[in-house]
Amino acid sequence: MSEVVDTRAMRTERRAQLGAFLKSRRAKITPGELGLASGPRRRTPGLRREEVAQLSGVGITWYTWLEQGRPINASVQVLDAVARTLGLDHAEKVHLYRLADMPSVPAAAVEPAMPPGLPMILDQLAPLPAVLLDSRYDVLAHNDAYRALFPGLAGPEANVLRTVFLTPECCNPYRHNVDDLRRMVAYLRAAAVRHLDDPAWQELIDELCIASAEFAGMWARNDVAVPMNLVKVIQHLAVGDLAMHLTIMSLPATDGAWIQIFTPVDDAEAAKLSVLLAMPDAERRRPGEEHRGQFHRASELGS
């Protein structure tokens, strides 16, 4: 019973905050900005409620109730119209959706720019391999140590999920671990709900479901999760397996982005990583190239 009361209280609080937020946004807009006459008798700072309602194509009574925090339903289309009228930016629009109890929030039309100092930060983490990923597992940036550890993930448009699920086990950079793979898919599903209107997300999911029965089965489980720190076993044909602690750091300034840092679990693994990093690039790549040339056709590896 207390949970029901708490839920009601939270909804009441959110509706109150929604009303205050809408009032503050319309107070910031002058009538002239939207081509409206201010008039000599205007006492309301910014727009009036009826003006917001008219410009948004909604009823004045409905909009008044929305600002008053009454328990009414608001559709995505109506909230979008109000957001356009009030000139909300992406962060404000996301806030509006959340206060209105929308099940998903709109994705940004343009991905936020990468923080200018981030490549230098990744470089300073050497000799530890480090990479910046977005929530779709696209590789956005990495240091040289990561490129040495994961040569197949250092190219343009690299995607960790595509590599992990579509690469033969003998060439896969990650040792096959069902629990790890399920966690990765569960994180993708948890993140995907924020990108329901982004066709690139659906294209990746469709591609993986068609090309990998294993991914399709895990996706169908409907599990959700968040990234977590754990131990990963990395397969590198030049030095053998490396057991690495995987440390996760989120990057709030870049929506959905997170940094992965790989740290050897002990001195023996650290020694193997040092050997790998000391090799010339051609020497690091040679075992993998020879293996693929001997055992795989180019089409099997997507090249």
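Which residues line the second largest cavity? In this predicted model, the lining of the second largest cavity is formed by R182, V185, A186, R189, M218, W219, R221, N222 and D223. Helices α9 and α11 (213-220) each contribute at least two residues to that lining, and the largest share, four residues, is supplied by α9. By residue class, the lining of the second largest cavity comprises four nonpolar, one polar and four charged residues.

**Cavities**

Rolling a probe the size of a water molecule over the atoms shows where empty space is left.

| Cavity | Volume | Lining residues by class |
|---|---|---|
| Largest cavity | about 170 Å³ | 12 nonpolar, one polar, three charged |
| Second largest cavity | about 40 Å³ | four nonpolar, one polar, four charged |

For the largest cavity, the lining consists of 16 residues, and those nearest its centre are Y137, M184, M228, K232 and L246. Two or more lining residues come from each of α9 (178-192), β3 (230-236), β4 (240-251) and β5 (257-264). Helix α9 gives the largest share of the lining of the largest cavity, four residues. Helix α9 also gives the largest share of the lining of the second largest cavity.

**Residue N159**

N159 is located in the loop between α7 (144-149) and α8 (160-166). Is N159 buried or exposed? Its relative accessibility is 2%, so N159 counts as buried. With neighbours within four places in sequence left aside, the contacts of N159 are R136, Y137, D138, L153 and L204.

**Helix α3**

In helix α3 (residues 60-67), the buried residues are Y63, T64, L66 and E67. Why do the buried residues of α3 line one face of the helix? Viewed down the axis of α3, they fall within an arc of 155°, and therefore they line one face. An α-helix has 3.6 residues a turn, so residues three or four places apart point the same way. After α3 comes G69, which has a positive phi, near 80°.

Note on methods:
Residues numbered from 1 in each chain as written. Predicted model: local features only at pLDDT ≥ 70, side-chain atom pairs only at ≥ 80, totals over all residues. Heavy atoms only, no water. Buried < 20%, exposed > 50% of the residue type's maximum accessible area, 1.4 Å probe, protein only. Contact = heavy atoms within 4.5 Å. Arc of directions from axis to C-beta. 1 Å grid on protein atoms, 1.4 Å probe; cavity = no way out; pocket = protein on both sides within 12 Å on 5 of 7 lines; lining within 4 Å. Points joined across faces, edges and corners; volume = space filled by probe spheres on them. Nonpolar A, V, L, I, M, F, W, Y, C, P; charged D, E, K, R; others polar.
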